[in-house]
Amino acid sequence: MTVTLTGLATVVPPTVLHQDEVREVFGSQPELSRLAKRLVSTSFGVSGIERRYTVLTELGERTAQPGVERVFYDAESGLLMSPGTKARNDIYAREASRLYVDAGRAALANQEEFSAEDVTHVITVSCTGFYAPGPDFVVARDLGLPADVQRFHLGFMGCYASLPALRLATQLCQADPEAVVLVVSVELCTLHLRTSDDPDTIIATSLFGDGAGAALVSARPIPSHEPGFELDRFASRVAPEGESDMAWRIGDHGFEMVLSNMVPAILGQHVTGAVRPLFAPEPDLARALDEQRAGEVIPHWAIHPGGRSILDKVESALELSEAQLLPARATLRDFGNMSSATVLFVLRHILDSPAASAGERVAAMAFGPGLTVESALMTIRGS
């Protein structure tokens, strides 16, 4: 049975954060130590990011707007504020709902085979906020999905969560060949940015942005010209170390990200073993991985750009070419790390590339707390 992903769409909020301007704001906060200010300058400067997007319009302001209440940033004084978790989550509930619906609607419009009435299941993904009735409910209601649509939400898993969502969608389609599953990931990471002397917090502040991705997954027959991916296989592994090096906890002033500088080294050491189960069912692929030729037999790699140094380590460990890392590096440059939504942006970049052809294989990987490595093997179609 062939399960196919179609309609892949990506959406970002309208406010752009230029990395050099954000660096100036975070580096100028009066409570920072001299060491922290130097770390802000370094972290932002070497991030590989030029711009990110945010739902926080006030972060994009360079002059104060009279009569507008400030929650995160006062452009007049240049000071960052520290709202509580409730204030941040209230914004999440409002703004994420819009992006979930926009991304889901874009996925439906981005393909020709399915309409809203065909959707049998909804899977929503996020780790940057909570509310109930949740985003799965909002998507079903606002897109006019059938009354009996089945709904699932994968919450608080972190940056790798879109791949388990696609795996769950695949399993639903394998169990019911008539199923049509709408998968939507929305992450509003900038809601949790804050000023701090803590190195992990500074690194996270230099990386994260907001964005959404969505796609339809089905085993129903789809016209050969419809662009997308055949979802061949998935794998999941946890590195034997690094549990405390990447974590995501709820604090009094937003969600607190732990992202130590050991993460790239740990991933570089264990990423080959983590993807071995993905390649094992195909002897040629397994042999190529063992012989460090994986880049020769898999032309396209959708690597989650958790940060520039993570991409460097994965490129080196798997001996991939610069061209094979281009989709991930371009996504990092233009959007930053949008947690679980990011790998969908990388896949969209590959699908849009003139270098991608139908029948070529794609290996996708995303990393998150654990340290967990989620991976998927796909085949390009319709390109």
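Predicted model: local features only at pLDDT ≥ 70, side-chain atom pairs only at ≥ 80, totals over all residues.
Is arginine 276 buried, partly exposed or exposed, and what is its relative accessible area?

1. To settle the opening question, arginine 276 is partly exposed, and its relative accessible area is 36%.

2. Staying with that residue, arginine 276 makes a salt bridge to aspartate 290, with 3.0 Å between the closest N and O atoms. Arginine 276 belongs to helix H7 (residues 263-279) and aspartate 290 to helix H8 (residues 283-290), so this pair ties together parts 14 residues apart in sequence.

3. Now look at aspartate 334 and arginine 51, whose side chains form a salt bridge of 3.1 Å, N to O. The aspartate sits in helix H11 (residues 322-335) and the arginine in strand S3 (residues 51-54), so the contact ties together parts that are 283 residues apart in sequence. Aspartate 334 counts as buried, at 14% relative accessibility, whereas arginine 51 is partly exposed at 27%.

4. Another salt bridge joins aspartate 118 and arginine 220, where the closest N and O atoms are 3.9 Å apart. Aspartate 118 is found in the loop between helix H3 (85-109) and strand S6 (121-126), and arginine 220 in the loop between strand S9 (210-218) and strand S10 (228-238), so parts 102 residues apart in sequence are tied together. Both residues are partly exposed, aspartate 118 at 23% and arginine 220 at 22%.

Definitions and conventions: Residues numbered from 1 in each chain as written. Heavy atoms only, no water. Salt bridge = Lys/Arg side-chain N within 4 Å of Asp/Glu carboxyl O. Helix = DSSP H or I, 4+ residues; strand = E, 2+ residues; numbered from the N terminus. Buried < 20%, exposed > 50% of the residue type's maximum accessible area, 1.4 Å probe, protein only.
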